[in-house]
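Take a look at the model below. Then read the short tour that follows it.

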Amino acid sequence: MFPYLFKIGFLELRIYSLMYITGILLTIYFSRRKAAKLGIKQEDTENFILFTFLFALIGARAYYVLFRWDYYGGDIFEMIAIWHGGLAIHGGLIAGFIAAISFCLYKKISPFKMGDIIFPWLLLSQALGRFGNFANGEAHGVPTLTPPSIIFRAENVFPQFWAQVLKTAGLNNNPESVSRLKDIAAQSPDGLAVTFMDKIYYIKEYFPWGISFTNKYGAAAWRDFGTLPVHPTFFYEMFLNFIGFLILFILWRKDSNIGTGKIVGGYLIAYGVIRAAVTFFRADDLMLGMLRAPHLISILMVLAGIGFLINARLRSKNL
C-alpha cells in the first residue's frame, strides 16, 4: 500500500486521483471518436463527461455525508474535505444520472445514445478507481478470520459480532491490540470459540488470501483491524468490473447497439450485481436502518437495468 507517487511538501500526486484521471481521459478519448461517428459533436461529448463527473463527485460526497450525519453534522469544513476520504459510488451514480439527463435535454441529445457511448468506460474507470482504493488502504473488507455465516447475511451483524470477538479475546478496540487476534486464535487447533446470538463460532483462518496493512500511512484498514489480513474487496470489485467492461465493450463496438439503451441497461445490471456481491465482504458499508444501503440501491439498479433492456426490446420490435 503506497498512496501517492510523489510528495513534495503539501503537494502530492495520489494514485487514487491518478486512476480516476486516467479513467476520465480514456473515457473522453474513446467516447469522442464513437460520438463523432454517430453524429454527436466532440465538444458536446467532452462537456458531457466533465459536467457529469463534477456532479457525480458532489453527489458521492453528499450521499456519504448524509449517511454519516452523526459524524459530519454541523462541521462544514469536514463536509467538503473530500481529501480526508468519504465518497460513496451510489451517490455519484444518482447525481451523475440526474446531471446526464439534464445535459442531454439541454443539448437535445438522446440520453440513450450518450449513455450507451459512455457507460462501458464508466465501468472501466470504476475498476481503475478500485486500485486507487488499494493504494489508500480503504474500501476494504472484513478480516479473513470472519466466519462465512457471518459475512453472508442480508442484515449486517458484523459490528456486533466483532465487538463480541474482541471481548472474548480480551482485546481493546485499537490497531495494536486487534493485531494480536490471529496469534490468539492460533493457540487452539479449532480456533478461538466465540458465542454470538446463541451460537458458537470458531475464529480461524477461513480465507488465506487476505491483505494486511501497516500503520505507515495510517490506512483505514489498519485503523479498523490493525495488521489482521482483510478481504481485498477492492480487488474483488476491480476484477469483476473489468469483466463487466469487456462484456459492455463487445456490445459497444457494434454501432447498432448505440442508442437502444441496451448498454445502459447492461451496466446497471452488471454493477448492481457486482456491488451487491462485494458488499457482503465490505467492512465500511453505509447502513439504511438495519440493512446495507448498497444492497438496496443495487436492487433498484438491477430492476432499472431490466427495464432498459425490456424497453430496448420493445422499441426494436416496433421499428
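## About the model

This is a predicted model, in which local features need pLDDT of at least 70, side-chain atom pairs count only at pLDDT 80 or more, and totals for chains, interfaces and linings use all residues. Residues are numbered from 1 along each chain as its sequence is written, and side-chain values use heavy atoms, with hydrogens and water left out.

## Helices α2 and α5

Helix α2 spans residues 42-67, and helix α5 spans residues 89-107. Helices here are DSSP runs (H or I, at least four residues), and strands are runs of E of at least two, numbered from the N terminus. The α2 and α5 axes lie 7 Å apart, at an angle of about 145°. Axes are lines fitted to C-alpha atoms over the stretch in contact, and angles run from 0 to 180 degrees between N-to-C directions.

Contact means heavy atoms within 4.5 Å. Residues in this contact include F48, F51 and F55 of α2, and I94, A95 and F103 of α5.

## Helix α8

Helix α8 has 12 residues, 158-169. Its buried residues are F158, F161, W162, V165, L166 and A169. Buried means under 20% relative accessible area, exposed over 50%, and partly exposed in between (1.4 Å probe, protein chains only). These six cover an arc of only 135° around the axis, so they sit on the same side of α8. The arc is that of the directions from the helix axis to the C-beta atoms. Among the elements covering them are α7, β3 and α11. After α8 comes G170, with a positive phi near 70°.

## Residue S177

S177 belongs to helix α9, residues 175-178. S177 counts as buried because its relative accessibility is 9%. Leaving out residues up to four places away in sequence, S177 touches L171 and N172.

Key: Expected span 1.5 Å × (residues − 1).
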